[in-house]
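Here is a short briefing for a first look at this structure. Keep the sequence and the model side by side as you read.

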Amino acid sequence: MIRSFFASFGLHLFFLSFFLSNKLIYAEAAVMERGGGRDNSRVGVGHNNRIGYVKKVISKKRKLMRRIIKQAAAAVPVSLQLQQLFDSCVDVFKGPATIPAPNDVQKLCTILDNMEPEDVGLSSELPFFKPTNMVKGNPRVKYTTIYQCDNFSLCLFIIPATGVIPLHNHPGMTVFSKLLLGTMHIKSYDLVDPINLDGSVPCSQLRLAKLKADRVFEAPCDTSVLYPTTGGNIHAFTAITPCVVLDVIGPPYSIKDGRDCSYYKDHPYTASNGEAALTTEDSDSYGWLEEIEMPENSQMDGIEYLGPQVTEPTC
């Protein structure tokens with residue numbers, strides 16, 4: 001039944017089942033203490049010598065509930081690795097114009113390279129991540145935000161087998177992507193013709209782009225980094241098996257600040273617009289990108305993050 005539920009409804013109970021089992025046990029214990037839902041304070045009603053006993057039971061119940069709350073709070077998971085990542089992001093991302101220095105990039109990559117699924121509340125043992133688990137119909141991507149502020153965000157993308165995050169860009173952003181679980185194909189480009197100095201986009205509907213990656217990645221693997229105009233700023237993910245990607249994005253998308261997401265369709269390279277043709281070898285490293293409307297398969301389902309929390313610095 002549980003396996004069927006996971007297959008049908010995705011990840012909504014993953015964090016809950018992985019981390020809150022103690023809370024469920026405590027809640028069940030409280031129900032049992034209350035006699036399966038009966039009001040035990042009514043036992044012995046009409047016997048004056050039981051009044052003191054009733055008060056004592058109520059007092060015991062209150063103490064039990066306080067103990068349950070304390071134990072449940074203590075059961076909230078802690079991930080030192082995730083906290084270290086968060087603290088480092090606070091130090092590195094100081095504002096929208098921040099492009100991390102090489103030593104900061106190395107610091108964040110080292111932390112991310114050492115992160116495991118359990119650091120964000122997931123496990124390869126969950127039924128969803130079994131290679132044989134195939135989602136019927138449209139395999140929609142799930143996403144959940146661990147933390148977000150004006151300077152950066154930490155988020156997870158949970159992609160079922162054959163699920164796709166189509167070609168999209170990250171305007172003005174630096175993005176660290178860590179594949180925590182699964183096997184996926186990643187294709188990425190950098191635009192050869194950058195935005196004009198006045199901020200306008202070149203007139204041509206097709207923009208020449210250099211291919212930066214077109215291969216399969218399997219977890220665990222090194223963290224990939226893309227920058228505002230380099231490193232594969234326009235990329236697409238296609239899950240071969242169920243996957244989880246942890247992204248550090250600085251700064252986050254913001255329509256009001258001009259950082260909206262654009263989508264693209266890629267076309268094989270051919271010489272056009274009077275350009276000199278590239279050699280056959282070079283042409284395989286380029287393509288034409290056409291900006292398109294948001295594809296249907298780009299729609300995602302947001303789910304609540306119930307994994308380890310981060311602690312914000314106090315003033």
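The lining of the largest pocket is made up of 14 nonpolar, nine polar and three charged residues. This pocket belongs to a predicted model, and its volume is about 640 Å³. The chain around it has 315 residues, of which 42% count as buried. Its secondary structure comes to seven helices and twelve strands.

**The largest pocket**

- There are 26 lining residues, and the closest to the pocket centre are Tyr 143, Phe 157, Tyr 253, Tyr 263 and Met 300.
- Strand 1, strand 2, strand 3 (164–168), strand 8 (234–239) and strand 9 each give two or more residues to the pocket lining.

**The largest cavity**

- The structure holds one cavity of 30 Å³ or more.
- The volume of the largest cavity is about 70 Å³.
- Which residues line the largest cavity? They are Ser 177, Lys 178, Leu 179, Met 184, Ile 186, Phe 217, Cys 221, Asp 222, Ser 224, Phe 237 and Val 245.
- Seven of these lining residues are nonpolar, two are polar and two are charged.
- Strand 4 and strand 5 each supply at least two residues of the cavity lining.
- Strand 4 gives the most, with three residues.

**The nonpolar cores**

- In soluble globular proteins, nonpolar side chains tend to be buried together.
- The largest nonpolar core here has 33 residues.
- Leu 85, Leu 154 and Phe 176 have the most contacts inside this core.
- Helix 5, helix 6, strand 1, strand 2, strand 4 (174–181) and strand 9 each give two or more residues to the core.
- Another core, of 18 residues, lies apart from it, and includes Ile 165, Met 184, Ile 186 and Leu 226.
- Beyond its neighbours within four places in sequence, Phe 176 is in contact with a list of residues that includes Phe 93, Pro 100, Val 105, Leu 108, Cys 109 and Leu 112.
- The contacts of Phe 176 also include Thr 223, Ser 224, Val 225, Leu 246, Asp 247 and Val 248.

- Helix 5 covers residues 80–92, which is 13 residues.
- From its first C-alpha to its last, helix 5 reaches 18 Å, close to the 18 Å expected at 1.5 Å a residue.
- Which residues of helix 5 are buried? They are Gln 81, Leu 82, Gln 83, Leu 85, Phe 86, Ser 88, Cys 89 and Val 92.
- An α-helix has 3.6 residues a turn, so residues three or four places apart point the same way.
- The cover over the buried residues of helix 5 includes helix 6 (102–113), strand 1 (141–148), strand 2 (153–159) and strand 9 (243–250).
- Gly 95 sits in the loop between helix 5 and helix 6.
- Is Gly 95 buried or exposed? Gly 95 counts as buried because its relative accessible area is 11%, under the 20% cut-off.
- The C-alpha atoms of Gly 95 and Pro 251 are separated by 7.2 Å, though the two residues are 156 apart along the chain.

**Thr 183 in strand 5**

- Thr 183 belongs to strand 5, which covers residues 183–191.
- Thr 183 is buried, with a relative accessible area of 14%.
- Leaving aside neighbours within four places in sequence, Thr 183 is in contact with Val 216, Phe 217, Glu 218, Ala 239, Ile 240, Thr 241 and Cys 243.
- In the chain, among contacts between residues at least 6 apart in sequence, 79% join residues at least 24 apart.

**Backbone exceptions**

- Most residues other than glycine have a negative phi, and most peptide bonds are trans.
- Ala 219 and Pro 220 are joined by a cis peptide bond, with omega about 0°.
- Pro 220 lies in the loop between strand 6 (206–218) and strand 7 (224–226).
- Gly 250 and Pro 251 are also joined by a cis peptide bond, with omega about -10°.
- Pro 251 is in the loop between strand 9 and strand 10 (263–268).
- Thr 162 is not a glycine, yet has a positive phi of about 70°.
- Thr 162 lies in the loop between strand 2 and strand 3.
- Thr 162 is partly exposed, with a relative accessible area of 44%.

Conventions:
Residues are numbered from 1 along each chain as its sequence is written. This is a predicted model: local features need pLDDT of at least 70, side-chain atom pairs count only at pLDDT 80 or more; totals for chains, interfaces and linings use all residues. Side-chain values use heavy atoms; hydrogens and water are left out. Helices (H or I, at least four residues) and strands (E, at least two) are DSSP runs, numbered from the N terminus. The expected span of a helix is 1.5 Å times one less than its number of residues. Buried means under 20% relative accessible area, exposed over 50%, partly exposed in between (1.4 Å probe, protein chains only). Contact means heavy atoms within 4.5 Å. A nonpolar core is a set of buried Ala, Val, Leu, Ile, Met, Phe, Trp, Tyr and Cys residues joined through side-chain atoms within 4.5 Å. On a 1 Å grid over the protein atoms alone, a cavity is a set of points where a 1.4 Å probe fits but cannot get out, and a pocket is an open set with protein on both sides within 12 Å along at least five of seven lines; lining residues have an atom within 4 Å of a point. Grid points are joined across faces, edges and corners, and a volume is the space filled by probe spheres set on the points. Ala, Val, Leu, Ile, Met, Phe, Trp, Tyr, Cys and Pro count as nonpolar, Asp, Glu, Lys and Arg as charged, and the others, Gly among them, as polar.
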